[in-house]
Amino acid sequence: MSLLDGFYGNHKAKEALVFYQRDGRFPHGILLEGEEGTGRKTFARLIAAAALCEGEEPPCGQCRHCRKILKSIHPDVQTIGPEAGKKSFKKEQVEWLRADAWIKPNEASRKVYILCETQYMTAWAQNALLKLLEEPPAGVLFVLTCDNRFKLLETVRSRVVTLPLERLGQALTAQALREEDPTLDAEKAQWAAAQSGGNLGRARRLLADEKYAALGEKAQSLCEKIERADRFGILQILSGFESDREGLTLCLEQVRQTLAENTKDAFLAQKGQKYRILPLQAGKVLGIIDKGMEYARQNMSMPLLTTWLGAGIGSAFEE
C-alpha cells in the first residue's frame, strides 16, 4: 500500500507522481499550485518520499527514508519558506540554498528541497533560484508550492512541471472528515464541508478553531454583500476588523478563495440565486483584496486599511 492512497482526491497529480517514480526520471523542478488547504505541503512531502523511497510501492511509508521524511528529520530533505509571522523569504535562506544544493546527499541517492509559498519570493530570490533550475546539480529535486503560478516569473514557471491541486468538493470533504474522525457527527461534517467550499484543510480548521469558524461566517456574509454590490454592508463588516489585523487577513483569504472559485460562472450564484456581480467585477475585487492583504502584511494602519478596502471594493462596481 502506498502513502498516496491516504491523500484524498487529486488523481491526476498522484498519477503523475507514480509515473515519475516508475519511469525513474523525476523532473528537477515540480511546482504544486493550489489554494491554502488543498494539501500542497503534504503532497510535497509525498513527492520527497517517492523520490527517496526504497520500498516496492513508493512512497511506502515503511522504509528508512519514508519514516524519516514523515517525521521531518531526513537530512536530505529540507523545507524552506517564510518565517513564522512573515510573508517573504530571507536573503540568507536563498543564499544558503544556492550553496547547499551542491553538497552531496548524506544518506539518500538525491536531495530534495521543498520551497513553500513561493508566491512570496521577491524577483531577486526567484532569479537566484532560476540559476539552480537552469543548471541543477545532479541528484537534486526542487519542489515548489504556491497559490497561483502566475505570481512567479515566467522564466521560473517554464523550468518546472506544474501539478495543480484542487478542492475535493463537499461530498468527498465530508467523507474524509468522518473517516479521519469516526466520532464526528455527520451533520457537522456536512456543515464544515459546505462552509469551506469543499476545501479539506479549511474544513479541518473550521472544526478545530472556533475563532476561524466565526471568521468563516463573517467571510460568507462579506461575500454576500459583495455579490449584491452592497457598499454600506461591505464597509460595515470591514470596520469590525479595525483592531484585528490577523482576523482581517484570515477573513480576506476566505473571501478570496470563495470569489475565485465562483468566477467560473457568468454570474456569481449562491443558494440558487443570481446576483449582480460579473466575472470582470469579481476580478477587480480579487485584485483589491490581494493588494489589501499586502498592505496588511506591511502594517498599514487598520482604520485606514479597512476604509481603503471598502472604497476599493465599492469602486469595482462603478461603470
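**Entry 1: Ser72**

I began with Ser72, which I found in the loop between H3 and S2. The model I am reading is a predicted one. Ser72 has a positive phi of about 60° although it is not a glycine. I noted this value because most residues other than glycine have a negative phi. I then looked up the accessibility of Ser72: its relative accessible area is 57%, and since exposed means over 50%, Ser72 is exposed.

**Entry 2: Asn299**

Asn299 is a residue other than glycine, and its phi is positive, near 65°. Is Asn299 buried or exposed? I read a relative accessibility of 57% for Asn299, which counts as exposed.

**Entry 3: the loop between H2 and H3**

Pro59 has its place in the loop between H2 and H3. The peptide bond from Pro58 to Pro59 is cis, and I recorded its omega as near -10°. I set this beside the general rule that most peptide bonds are trans.

Glu56 lies in the loop that runs between helix H2 (40-52) and helix H3 (64-70). With a relative accessible area of 85%, Glu56 is exposed. I also checked Glu56 against Met1: the two are 55 residues apart along the chain, and their C-alpha atoms are separated by 9.1 Å.

**Entry 4: the sheet**

In what order do the strands of the open sheet stand? I read the order of the five strands as S2-S3-S4-S1-S5, with parallel pairing. Strand S2 (77-80) and strand S5 (161-164) stand at the edges; each has a single partner strand, so one side of each is left without a neighbour in the sheet. From one strand to the next, the twist averages 20°.

I then went through several of the pairings. S2 and S3 pair in the parallel sense over four bridges, and the bridge partner of Thr79 in S3 is Ile114. S3 and S4 pair in the parallel sense over five bridges, where Val112 stands opposite Leu141 in S4. Strand S1 (residues 29-33) pairs with S5 in the parallel sense over four bridges, and Leu31 has Thr162 as its bridge partner in S5.

**Entry 5: strand S3**

**Entry 6: Tyr120**

I moved on to Tyr120, in the loop between S3 and H5. Tyr120 is buried, with a relative accessible area of 17%, because buried means under 20%. Gly81 and Tyr120 are 39 residues apart along the chain, and I recorded a separation of 9.0 Å between their C-alpha atoms.

I looked up what helix H4 (residues 91-100) lies across, and found S2, strand S3 (111-115) and strand S4 (140-146). H4 runs at about 165° to S3.

I next examined H4 with helix H5 (residues 123-134). Their axes come within 10 Å and cross at roughly 5°. Angles under 35 degrees count as roughly parallel, and H4 and H5 are therefore roughly parallel to each other. Lys91, Val94, Glu95, Leu97 and Arg98 in H4 meet Trp124, Ala125, Ala128, Leu129, Lys131 and Leu132 in H5. By class, I noted seven nonpolar, no polar and four charged residues in the contact of H4 with H5.

**Entry 7: helices H8 and H9**

Last, I looked up helix H8 (residues 186-195) and helix H9 (residues 200-208). They pack at an angle of about 125°, with their axes 8 Å apart. H8 and H9 are therefore oblique to each other. H8 passes H9 in a right-handed crossing.

Which residues make this contact? On H8, I listed Lys188, Trp191, Ala192, Ala193 and Gln195; on H9, I listed Arg202, Ala203, Leu206 and Leu207. The residues of the contact of H8 with H9 divide into six nonpolar, one polar and two charged.

Key. Residues are numbered from 1 along each chain as its sequence is written. This is a predicted model: local features need pLDDT of at least 70, side-chain atom pairs count only at pLDDT 80 or more; totals for chains, interfaces and linings use all residues. Side-chain values use heavy atoms; hydrogens and water are left out. Axes are lines fitted to C-alpha atoms, for helices over the stretch in contact, and angles run from 0 to 180 degrees between N-to-C directions. Helices (H or I, at least four residues) and strands (E, at least two) are DSSP runs, numbered from the N terminus. Angles under 35 degrees count as roughly parallel, over 145 as roughly antiparallel, 65 to 115 as roughly perpendicular and the rest as oblique. A crossing is left-handed if the near helix is turned anticlockwise from the far one by less than a right angle, and right-handed if clockwise. Contact means heavy atoms within 4.5 Å. Ala, Val, Leu, Ile, Met, Phe, Trp, Tyr, Cys and Pro count as nonpolar, Asp, Glu, Lys and Arg as charged, and the others, Gly among them, as polar. Buried means under 20% relative accessible area, exposed over 50%, partly exposed in between (1.4 Å probe, protein chains only). Two strands pair if DSSP finds at least two bridges between them.
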